[in-house]
Amino acid sequence: MRALRDHEQAVDTLRRSYAAVPPGQPVRLAKRTSNLFRPRQATSSPGLDVSGLSGVLAVDPKARTADVQGMCTYEDLVDATLPHGLMPLVVPQLRTITLGGAVTGLGIESTSFHNGLPHESVTEFDVLTGAGEIVTARPGGAHDDLFAAFPNSLGSLGYATRLRIELQPVRHAVALRNVRFTRLEELTDAIGDVIAKGEWDGQPVDAMDGVMFSPGEAYLTLGTFTDDAPPLSDYTGQAIYYRSLRQRTRDALSTYHYLWRWDTDWFWCSAAFGVQHPVVRRLWPARWRRSDVYHRLVRLEHRHQVAARVDRWRGQPARERVVQDVEIPLDGTAEFLRWFARNVGMTPVWLCPLRLREPSGPDSARVWPLYPLRPGQSYVNIGFWGSVPIAEGAADGDVNRSIERAVSEAGGHKSLYSDAYYDRAAFDRLYGGETWRAAKDRYDPDHRLTGLYEKAVARN
């Protein structure tokens with residue numbers, strides 16, 4: 001009961017802080033961490049006070065559900081569910097991603113080949129709308145339209161204060177098989193087989209992702225939850241997880257360390273800070289080997305442009321930031337990866353198979369119009385994060401625009417947590433513009449919250 005009273009007080013504080021934002025001023029969350037890679041215009045208006053909305057309200061082991069506040073990180077959520085032998089159906093790979101952020105901005109991980117995206121395991125949620133009201137959205141309810149339009153709305157329709165999610169049982173550890181492929185078509189065929197059968201080489205597969213180092217060297221990591229694992233590896237110290245794919249055909253991690261295996265080195269991006277050098281790694285405190293620390297360093301670089309000025313002084317070409325996650329239909333994945341290797345050339349890239357959950361019950365016709373993946377279609381999420389040199393005289397964003405064109409030509413979609421360059425007509429076509437406008441007019445009639453296009457493309 002105390003948790004509920006504290007939650008109600010936190011929601012009341014949020015509503016008061018929303019009312020305090022002057023009309024016409026941008027409405028933003030007052031939070032210290034972010035996993036966005038979209039630079040935004042500065043604002044002097046006060047942020048929304050979400051300081052009391054970062055916890056787990058309840059875990060129901062029998063029903064396998066959890067009631068969670070919108071600003072709760074997956075790190076804290078997992079800490080609350082694992083003691084019950086449970087975890088969310090999808091746990092995005094970075095610790096400080098929030099549940100509300102994963103629903104309104106999408107998320108993905110290695111269980112997505114059979115559990116879909118995080119918003120698909122949400123059964124209901126409370127939202128502070130642009131009208132300053134708290135509404136509860138659930139399938140078939142009075143706010144079913146908001147339930148459908150909320151995923152990928154990026155806070156343009158409101159902010160989740162509480163979400164009820166499904167949980168799944170897990171074991172103590174995850175046994176891993178790292179399977180190497182020298183031909184991309186063989187890789188995609190293997191993905192299709194695992195999705196269809198739920199197994200590989202006669203063993204069940206509970207989790208699946210992979211890495212492409214080059215078109216001739218790619219790996220699928222197939223995970224099986226188990227209580228009977230060999231000695232467990234630890235990649236929070238000197239060893240670096242992504243390198244193990246090339247070094248081991250079999251491995252095992254505790255379930256906890258498996259969920260955060262990518263966070264310690266921000267996949268492989270910690271190399272940009274020298275953290276993978278053995279000497280630096282010994283000196284770099286373990287508590288700083290976290291994605292949110294690296295992200296803060298990146299934000300400092302965006303603000304002060306130190307590395308860019310050094311590169312100019314050394315006569316190095318300008319670089320364009322290319323930080324994207326895209327969903328490509330499985331049957332076009334090999335071709336897209338070859339195009340990417342020829343035209344962009346960043347390596348490694350992350351591979352995460354995805355398929356929307358099989359419909360069932362009264363929600364069998366559910367679609368997600370602001371990120372319209374096709375039911376029954378298998379996709380591969382391809383993640384690439386870094387920068388590439390650009391030719392003198394090239395326009396800023398040329399590389400990203402070419403990727404956007406290639407993704408559209410492949411029948412895929414691109415996540416909006418990073419830079420986007422679509423014109424408004426293309427954006428509306430790709431991201432459910434008509435549905436979004438109808439929900440916007442109902443739940444934010446004065447358009448106090450920044451629009452979806454303005455957030456994703458205009459960077460407001």
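Here is a short chat about a few spots in this predicted model.

Visitor: Which residues touch the most other members of the largest nonpolar core?
Guide: That core holds 84 residues. Strand S6, residues 158-169, supplies its largest share, at four residues. The members touching the most others are Trp268 and Phe427.

Visitor: How many residues are in the second, separate core?
Guide: Val179, Val194, Leu330 and Met346 are among its members. In soluble globular proteins, nonpolar side chains tend to be buried together. The second core's count is 37 residues.

Visitor: Is glutamate 109 buried or exposed?
Guide: Glutamate 109 sits in the loop between helix H3 (99-105) and helix H4 (112-115). Its relative accessibility comes to 3%, and the cut-off for buried is under 20%. So glutamate 109 counts as buried.

Visitor: Which side chain makes a polar contact with the side chain of glutamate 109?
Guide: Leaving out residues up to four places away in sequence, glutamate 109 touches a set including Val90, Pro92, Trp262, Trp350 and Arg261. One of those contacts is a polar one between side chains, at 3.1 Å. The partner is arginine 261.

Technical notes:
Residues are numbered from 1 along each chain as its sequence is written. This is a predicted model: local features need pLDDT of at least 70, side-chain atom pairs count only at pLDDT 80 or more; totals for chains, interfaces and linings use all residues. Side-chain values use heavy atoms; hydrogens and water are left out. A nonpolar core is a set of buried Ala, Val, Leu, Ile, Met, Phe, Trp, Tyr and Cys residues joined through side-chain atoms within 4.5 Å. Buried means under 20% relative accessible area, exposed over 50%, partly exposed in between (1.4 Å probe, protein chains only). Helices (H or I, at least four residues) and strands (E, at least two) are DSSP runs, numbered from the N terminus. A polar contact is a pair of N or O atoms within 3.5 Å; within protein, one must be able to donate a hydrogen and the other to accept it, and residues adjacent in sequence count only if both atoms are side-chain atoms. Contact means heavy atoms within 4.5 Å.
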